[in-house]
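The sequence and model come first.

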Amino acid sequence: SMQAGIARQQADTAKAAADTAKNKLKLELFERRLAIYSAAQDAFTSLSYRGDKAEDADWKFRGAIQQAFWLFGDDVCDYLHKDLWALIVRIRQAQDLRDQTDNPEMKAHAIEQLRIARKEVFRQEQRLKELLAPYMKLEN
């Protein structure tokens, strides 16, 4: 009957609208997660910056950590806060010591700490990709 045909068409239209809304939400979630990933990548890049540029990048990353709580699991949130942020702080402290001390031994110690921390940066960049990869699939 004609009414059954109209009902089927309405049901198909409603399903298509629901699928579109669901895909829009997936894309929005992906984009928000990608912004956090980008902020973390920027944090790695910013480790060579000093002054206001470094401070801006650090604040952006801190904001990303706060947003990550709503968008990722505990694995990613713990990593961003406990591992990556702690590494950034260690590097900033060593940079400050290196730049501000006149004591040759302290300066040498700070330079050595920076060398060790920079090696860790490469490992952490890979770890970031591994941890975030499962969340960056559009079907999740």
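A salt bridge here is a side-chain nitrogen of Lys or Arg within 4 Å of a carboxyl oxygen of Asp or Glu. The model is predicted, and it holds seven salt bridges. The table lists three of them, including the pair of aspartate 19 and lysine 15.

| Pair | Closest N and O atoms |
|---|---|
| Aspartate 19 and lysine 15 | 2.9 Å |
| Lysine 60 and aspartate 42 | 2.8 Å |
| Arginine 127 and glutamate 130 | 3.9 Å |

Aspartate 19 and lysine 15 lie four residues apart in helix 1, so about one helical turn separates them. Aspartate 19 has a relative accessible area of 34% and is partly exposed.

Lysine 60 forms a salt bridge with aspartate 42. This pair links distant parts of the chain, with lysine 60 in helix 2 (residues 51-71) and aspartate 42 in helix 1, 18 residues apart. Lysine 60 counts as partly exposed because its relative accessibility is 44%; aspartate 42, at 35%, also counts as partly exposed.

Arginine 127 and glutamate 130 belong to helix 4 (residues 104-132), where a spacing of three residues puts them about one helical turn apart. Arginine 127 is partly exposed at 37% relative accessible area, and glutamate 130 is partly exposed at 46%.

Is alanine 43 buried or exposed? Its relative accessibility is 1%, so alanine 43 counts as buried. Alanine 43 sits in helix 1 (residues 2-46). Apart from neighbours within four places in sequence, alanine 43 contacts Phe61 and Ile88. Its C-alpha atom is 14 Å from that of lysine 129, which is 86 residues away along the chain.

Key
Residues are numbered from 1 along each chain as its sequence is written. This is a predicted model: local features need pLDDT of at least 70, side-chain atom pairs count only at pLDDT 80 or more; totals for chains, interfaces and linings use all residues. Side-chain values use heavy atoms; hydrogens and water are left out. Helices (H or I, at least four residues) and strands (E, at least two) are DSSP runs, numbered from the N terminus. Buried means under 20% relative accessible area, exposed over 50%, partly exposed in between (1.4 Å probe, protein chains only). Contact means heavy atoms within 4.5 Å.
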